[in-house]
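Dear colleague,

I am handing over the structure we spoke about, and below it I set out what was found in it. Please read the notes with the coordinates open beside them.

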Amino acid sequence: MRSALATLGTAFADGKANRASFVFQIVLMAVNDIAWIVFWGLFFHRVGTANGWTFHDVIVMFSLLTVVAGIGLGLFANCRRIGRMVADSSIDEVLVLPVRPLGQLLCRRVEPTNLGDLVFGVILFLAAADPTPERLLLWTACVLLGVCVMVAFLVWVGSFTFFVGGRGEHADLGFNALLLLASYPLDFFGGPVRVLLFTIVPAAFITGVPVSLMRHFAPGQFALIVAAAAILIALAWSTFHLGLRRYSSGSLWMR
Amino acid sequence: MAYLTAFLTGARRTLAARGDLSTQVGMMLLVILALSSVWHAAAVAHGGHVGAYTFGELVWYITFAEACTVPVPARVIEDIGEEIGSGEIAVAMLRPASVVGIRMAIDTGAALARQWCCLLAGGAFAWLLAGPPSAGAATVQAVGVAFLALLLSIALQHALGGIAFWLNDARSTWFLFQKLILIGGGVLIPLNLLPHAVASIFIPLPFAAIAYVPGSFAAGHGSWGLVIGQLCWLIVGFGTAFLVFARGERRLEVLGG
Amino acid sequence: MDVHPRLTQGIEVEELGKTFGSGRRGASQVDAVAGISFRIAPGERCAFIGPNGAGKSTSIKMLTGILRPTSGKATVLGLVPWKERLRLARRIGTLFGQRSQLWFQLTPRRTYALLASMYGVSGADRDRRLGSLGKLLDATHLFDRPVRTLSLGERMRCELVASLLHEPEILFLDEPTIGLDLVAKTRFRDLIVRINEEQRTTIFLTSHDVSDIERVANRVIVINHGRIVFDDSVKVLRQSLLKRKLIGVLFEESVPTLSVEGAEVLSHDGAVAQLEVNTEVTPIRSVLDILLEQYPVADISVEDPPLEEIVSHMYERKA
């Protein structure tokens, strides 16, 4: 744990070494997020409410998503690169260290771009989503659970590379699908897509269910997110470590 | 002739990289799914349509708007910056053909191949979601307008990309360009659904000619006025691109890259 | 197994094998390492060499715990690498020539601080160690420069400091001299020998560069197609196989006949020629003297025969 924190600190220093580009990337990401808020503003201006969702709900949704992505993809940036790192055997670097590999791997890269999301999301929540103390507490809990869901999901799909080879493309697809689907109101999706969002692409636990919790707290729903996070973490941990046993490092060309 | 070869090379390269192509098309289908769910929710809340659009029209609108923006490589500025840095541009300048002309021909070939894949897959998907094309037989017009939109996007990107001759770190301009098209171009929301004042600012701009115009044609709301505007922007776009490169290349000759 | 207690502190390998390939069917399977056995005592400097794709990296990765073997046994410092990887990692150092452990944008000192915390090296120990390693490797002045500004040779010295910071008992080096220029290579080799002599660190080095062996090792294991084809002291290898040198000559004009005492002309075509010298019989110097005195030499080079050739000679001798 201590060494993971030390690594994170080092990765952060490495990420912001180029200060101008660091600040610039943070600003750009915030611009991107603002573009989306503008879209939803225009949409709800036109439509009023749709399937029970209002502009205010979307604000809450975006504050959750951007902060989850900011922490997950910003501070633990390697979570979306596990597949690639297995393919090009850069995980060897971690395997020779006297520390647990998964945690170390996740802490080794900080992505400034996504820290922009983090800043944006926190400001958005504080400025526009009624940050009463209770709501702030619930929001924080949802963010932390969301980070677990996102990071665990990405580690899980990335670990497929141990078994099926390739250059980690399926992990990229999983990543894009998760982020895309988490950025739309859950209740706009019906039928099979909705099932998908609670299972294979667990975007519902990052934004959909938390937004509903922020409207009216329901212990059952909260327990659902906790369970989803726990299952995904177990799945990610075991898939990664099973994969490590089959790991063939740099020898992929022999296949 | 050289330009035709360049065009075909670009197209072939796209079709050869099947993995990239299918990922790109797959992502586009996901976006169409997400956006059509959004408009479905909106249409249901308003008795079947939003503004002048029915749900079906909106789905076809999205499909064409996406098929005009997804296929264009958005990092032209970055690429040109790298080509200047690596000296690739200097080599291209030795050839007896326009650097920007060849570049655009390659990009057009690549983008057109991708666009057709997007239109085929996206069209099938849209049909599944919302029934046959809203524009009926006029969908052919929409396909033509979509090609013009693609050309315009490439021309504008090269005009902007020329900034790389002067600024070393202009990498992220493409990012802003993309966001402008997303909202101001009408990829996410048809421009005539925006508040009137906002719409009247965006519709005459070139971003609208890239997404909103082909989308409108696919939804059956096209008009020749929109195409004339598109053609005007095409002339401006290509003119600027050639001008910027001419200046940039001269600068490179003087400074020696 | 009756094992000498001192040996268990070194490296022991018995019938170690690794097969790659997914299927249970034989067709897609490749034996990267096909049952190798050897022992290395503490304090030895062993070169583990072979042509590209011979199984060197796979072996070193099994010994450091990165890969699991498909057959056989091995212990390093008395530990089974792939079962007790974390415990082993504290006691060994690794340096992979094509992979950096230093953070690119930061100073080496920053990486050293991080590594020290991972290996549980106290601040005082770390500073003492950095002081002595910096002096030994002549690298102290590099510690506070961002890694991206270092040359490859400078960077490799800093990498070496990183690998040695926790006082490992064995140092594994995988192709450490790859990409270095001749001066940097020579210097790096000398440093490894000094570390071994001054700190008693066991050295296990893979390479496909013949001169790495001559300068660094006192013991050589040659592997090819996953099997050990030679395992003896460098002295024996030198006497039997490393005694040949290749001389390439470019003449200023076409030379009709070429004959040099003590050298065999391998090829001669007008102004270009290649000769082979058995340095045990004829000193290389005398051949060069004759060439320079009697022929219009424009350019000349002396090289070791490539490892591939040495390995094929080994097969010939066995047969």
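What is the area buried between chain B and chain A, and what percentage of it do carbon and sulfur atoms give? Before the answer, please keep in mind that this is a predicted model. The area comes to about 2500 Å², with carbon and sulfur atoms giving 81% of it. The contact brings together 29 residues of chain B and 28 residues of chain A. Across this interface the rule finds zero salt bridges, and the count of residue pairs in polar contact, both at pLDDT 80 or more, is three. On the side of chain B that touches chain A, two elements give two or more residues, namely helix H2 (18–45) and helix H8 (173–184) of chain B. The largest share of that side, 13 residues, comes from H2(B). By residue class, the side of chain B that touches chain A divides into 21 nonpolar, six polar and two charged residues.

The other interface is between chains A and C, and of the two pairs of chains that touch, this pair has the most contacts. Here 31 residues from chain A and 27 residues from chain C take part, and the buried area is about 2800 Å², of which carbon and sulfur atoms give 62%. Between chain A and chain C there are five residue pairs in polar contact, both at pLDDT 80 or more, and two salt bridges. One of the salt bridges joins the side chains of Lys61(C) and Asp92(A), at 3.3 Å from N to O. On the side of chain A that touches chain C, helix H1 (2–15), helix H5 (92–95) and helix H6 (101–107) of chain A each supply at least two residues, and H1(A) gives the most, with eight residues. That side of chain A is made up of 13 nonpolar, eleven polar and seven charged residues. Chain B and chain C, by contrast, are joined by no contact, and their closest C-alpha atoms lie 19 Å apart.

The buried residues of H1(C) are Lys56(C), Thr58(C), Ser59(C), Ile60(C), Lys61(C), Met62(C) and Leu63(C). After H1(C) comes Gly65(C), with a positive phi near 90 degrees.

Leu63(C) leads on to the nonpolar cores. The largest of these has 176 residues, and those with the most contacts inside it are Trp40(A), Phe43(A), Ile11(C), Phe38(C), Leu63(C) and Phe204(C). Helix H8 (residues 133–164) of chain A gives the most to this core, with 15 residues. Leaving aside residues up to four places away in sequence, Trp40(A) touches several residues of chain A, including Phe55(A), Phe62(A) and Tyr184(A), as well as Val38(B). A second, separate core of 66 residues includes Val99(A), Leu102(C), Leu133(C) and Leu165(C).

As for chain C as a whole, its secondary structure comes to ten helices and 13 strands, and its C-alpha trace spans about 70 × 55 × 40 Å along its principal axes. Of its 319 residues, 51% are buried.

Over all chains the count comes to 29 salt bridges. Among them is the pair of Asp144(C) and Arg109(C), whose side chains meet at 2.8 Å, N to O. Asp144(C) lies in the loop between helix H4 (123–136) and helix H5 (152–164) of chain C and Arg109(C) in helix H3 (residues 108–119) of chain C, so the pair ties together parts that are 35 residues apart in sequence. Asp144(C) is partly exposed, with a relative accessible area of 48%, and Arg109(C) is likewise partly exposed, at 35%. Another salt bridge joins Arg129(C) and Glu167(C), with the closest N and O atoms 3.2 Å apart. Arg129(C) lies in helix H4 of chain C and Glu167(C) in the loop between H5 and strand S6 (170–174) of chain C, so this pair ties together parts 38 residues apart in sequence. Here Arg129(C) is buried, at 5% relative accessible area, whereas Glu167(C) is partly exposed, at 46%.

With best regards

Terms used. Residues are numbered from 1 along each chain as its sequence is written. Chains are lettered from A and ligands numbered from 1 in the order in which they are written. Side-chain values use heavy atoms; hydrogens and water are left out. Contact means heavy atoms within 4.5 Å. Buried area is the accessible area (1.4 Å probe) that two parts lose on being put together, summed over both. A salt bridge is a side-chain nitrogen of Lys or Arg within 4 Å of a carboxyl oxygen of Asp or Glu. A polar contact is a pair of N or O atoms within 3.5 Å; within protein, one must be able to donate a hydrogen and the other to accept it, and residues adjacent in sequence count only if both atoms are side-chain atoms. Helices (H or I, at least four residues) and strands (E, at least two) are DSSP runs, numbered from the N terminus. Ala, Val, Leu, Ile, Met, Phe, Trp, Tyr, Cys and Pro count as nonpolar, Asp, Glu, Lys and Arg as charged, and the others, Gly among them, as polar. Buried means under 20% relative accessible area, exposed over 50%, partly exposed in between (1.4 Å probe, protein chains only). A nonpolar core is a set of buried Ala, Val, Leu, Ile, Met, Phe, Trp, Tyr and Cys residues joined through side-chain atoms within 4.5 Å.
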